[in-house]
Amino acid sequence: MINAAPYSFFNAMGHTPPTVAIGILADPEKGWKDTARNILDTGEFVVNLVPEALAEEMNQTCTNAPSEVSEMEIAGLQSAPATHVKPPRIAGAPVSFECKTFTVVSTSPEQAIVIGQVLAIHVADKYVIDAEKGYIDTPAIELIGRMHGSGWYTRTGDTFQMERPVYSDAMTNKK
């Protein structure tokens, strides 16, 4: 069954090799939730970033549907084939990471951290500024993120940029 679920605990971890980490949880009575079970059983998964335009659909994927029911179907989301892993991408996601499990760190009987090696990254063309350099118009994607507690989300539009300091310049300016 194709499964989709919003994850609070996700982050990119590096680029050589490109890796992501997600926290997976078990229900104390039922065991591993569907997404966690699928990742642990197959070793493959796709992380889809969520734009505000898909917030309602994303929220529908966290329903407590039975394992045999597709959250994507409930949410009205369309799938798109992945190129390196069996699970599909979410067609409307502006960015998707196709991953295979690198390692799993068990932090308790009811939670673990899955570190996945990114095999492919899909970015919608309209957000690519310079494909050769990997520059993406991140603010234009209007991503949202799940926050603390049930039902809390944030917009990522309040960004700012700072120049990375160069040590020799800092020492020259200090004199």
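I began with Glu 71, which I found in helix H3, residues 71–75. Helices here are DSSP runs of H or I with at least four residues, strands are runs of E with at least two, and both are numbered from the N terminus. The model is predicted; local features need pLDDT of at least 70, side-chain atom pairs count only at pLDDT 80 or more, and totals for chains, interfaces and linings use all residues. Residues are numbered from 1 along each chain as its sequence is written, and side-chain values use heavy atoms, without hydrogens and water.

Glu 71 is buried but has no salt bridge. Buried means under 20% relative accessible area (1.4 Å probe, protein chains only); a salt bridge needs a side-chain nitrogen of Lys or Arg within 4 Å of a carboxyl oxygen of Asp or Glu. Lys 33, the nearest side chain of opposite charge, is 10 Å away. Beyond four places in sequence, Glu 71 has contacts (heavy atoms within 4.5 Å) with Ile 2, Asn 3, Ala 4, Asp 34, Thr 61 and Thr 63.

Next I checked the nonpolar cores, sets of buried Ala, Val, Leu, Ile, Met, Phe, Trp, Tyr and Cys residues joined through side-chain atoms within 4.5 Å. The largest has 17 residues, and Ile 22, Ile 24, Phe 45, Val 47 and Phe 97 touch the most other members. Elements giving two or more residues to this core include strand E2 (18–27) and helix H1 (34–42). A second, separate core has 10 residues, among them Met 72 and Ile 144.

Last, I noted the whole chain: 5 helices and 12 strands, with buried residues making up 30% of its 175 residues.

How values were computed
Buried < 20%, exposed > 50% of the residue type's maximum accessible area, 1.4 Å probe, protein only. Lys, Arg positive; Asp, Glu negative; His and termini not counted.
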